Amino acid sequence: MRQQLYHGGEILTLDETNARAEAVLVEDGRIAKVGSLREIEAVASAKASRRDLCGRTMIPGFIDPHGHFPDSGFLKLHRADLSTPPIGECRCLSDVFDRLRQKAANTEPGKWVIGSMFEPSGLAEKRFPTRQELDKISSEHPIWVVHISGHAGVANSLALAFRGIDRDTATPKGGHFGRDPSTGDLDGLLDGMAAMGNLGDSEFQITYDKFRSAFKAAAEEYLAQGVTLAQNAWATKSLLGYFGRIATEDAPEIDVMVLPAGFLEPKVSRQELDVPLPPPGSGIILGPRKLFGDGSFHMQTACMTQPYHKPLNGEVGYRCELAVTPEQMAKRIGKLHGLGFQCHIHANGDATADLVLDAIETVQERDPREDHRHTLIHAQTLREDQLDRMAALGVTASFFPAHIYYWGDYHRDTTLGPERVQNMCPARWAADRNIRFTIHNDAQVTPTLPLHLMWCAVNRLSVTGSEIGKQQALTPLEALRAHTIDAAWQVFQEHDRGSIETGKRADFAILSASPVQNPSAIKDITVQETVVCGEIRYLRTTSA
């Protein structure tokens, strides 16, 4: 029997009453008792190791409610980082080309050169590169530059050939091929999942060895930020097989909630895929099934009921029309709902939210379930009437408040305009309706920084310091719950994770200060230790 006794600091349990405790006793990786120091010492073994928090704050480990683990590991080890400030250092296309050129120089001819995190609004030129510009970087490597949203990219000629399209290929529904306005030739831009096709998931250049190395690198990053449960929110057959192989052949460095792509059902649940699936108790957990409703705000492929403030395509009144019919969405959700699965549905625009809520209402009328917890992912422009419907239907949401910091100015000036942007990511409206929700970083879209994400949700300041929609701000405690116990609840894990309560896993993050005391200082707090099942998995050094 292994026991650890934690004491000497603020312990935020995040239980139903948000109680604070003086001490916690851990036994064999589980929380044995929570209470006063006197109570804990009375039941602790004489051999229990004492862990003095030295005035620091202990919270439950952070839980990633929506992300794409281990993408950040791929970015670090296998791709060119093309991100712009404040995330990265590319300020113009010349910087982008230099990084791609360097990656090509270190890549065997014929192998792929992938650039990730590209966002033109942060560059001096405010545009994508062209196929011809990428061809100049290398004619020996297929090159694929992925937009930060993951919903668009630019390919050189070799990559377009791999995609199997040319100037005569018809534009697909729900996508757009960029073309030279004078010649009609493809300029390399593939906008939307339908346009990207097999380039959209990047599986063509992922091997198991690359995946395994990316997994390890991303796990180290997440644990250093206090995250004890990661998430991959779109796992196709190949990725399911890679996760399953790690679970069966090796011990994963971090637990991961994996969301199979919805179109794979019912083959996943019937175990009809010829790939290994993670067994129960392995640390790789199959969670909700994932569906898509629209695209991204950056590319203006999120579907809106009111026009974009400044349409990028110059079309007056442009809102982005839905690519999914009501019947199709009801069929997709209905299939998964009928099989007993929870659905996580990518829905950025309010027109898409209408579509999804209509579908859920139809499905619930036909096949009612009490506690389905179907979730709108991103949900950036929900209206109050939609939140009323969500409360009535039992639908939850995962918001993306990091957008306010990184791109709030862009959304104010281009995407939504100065009025609508004030209610972007309407977490306060949700809280006031007692809708349980979460907040996420959608890594690698924005870095996995839970404390910074909390700060974004609480302070709602853009990178230039502009206040955007303070009326939608959360309290620090609400933001903390949204990244711990509510994140556990949203994927049916609240019985085992997310709070410091007797019987649960001993997953903790030990912080340099309390995240609920000083709202403006949350982003400056550091993770000192990360504990998983009672074992220290990250320890900050003085040089960190």
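Mentor: Two strands pair if DSSP finds at least two bridges between them; strands (E, at least two residues) and helices (H or I, at least four residues) are DSSP runs, numbered from the N terminus. The model is predicted, so local features need pLDDT of at least 70 and side-chain atom pairs 80 or more, while totals for chains, interfaces and linings use all residues. Residues are numbered from 1 along each chain as its sequence is written, and side-chain values use heavy atoms, without hydrogens and water.

Trainee: How many bridges pair strand β9 with β10, and in which sense?

Mentor: Strand β9 covers residues 143-147, and β10 covers residues 152-155. Within this pairing, Val146 stands opposite Gly153 in β10. The two strands are joined over three bridges, and the sense is antiparallel.

Trainee: Which residue takes a positive phi in the hairpin of β9 and β10?

Mentor: The hairpin has four residues between its strands. A positive phi near 80° is found there at Gly150.

Trainee: Are the residues of β10 buried or exposed?

Mentor: In a regular strand the side chains alternate between the two faces of the sheet. In β10, Ala152 and Val154 point one way, whereas Gly153 and Ala155 point the other way. Buried means under 20% relative accessible area, exposed over 50%, and partly exposed in between (1.4 Å probe, protein chains only). On both sides of β10, the residues are all buried.

Trainee: Which strands are the edge strands of the open sheet of four strands?

Mentor: The order in this sheet is β6-β13-β14-β15, with parallel pairing. An edge strand here pairs on one side only. The edge strands are β6 (62-63) and β15 (284-286).

Trainee: Which residue of β14 stands opposite Ala235?

Mentor: Strand β13 spans residues 227-235 and β14 spans residues 255-260. The two run parallel and are joined by five bridges. Ala235 has opposite it, in β14, Pro260.

Trainee: Which elements do the buried residues of α2 pack against?

Mentor: Helix α2 covers residues 71-78, and its buried residues are Ser72, Gly73, Phe74, Leu75 and His78. Contact means heavy atoms within 4.5 Å. The buried residues of α2 pack against one helix at 93-105, α3, and another at 208-224, α7, as well as against strands at 80-81 and 113-118. By name, the elements are α3, α7, β7 and β8.
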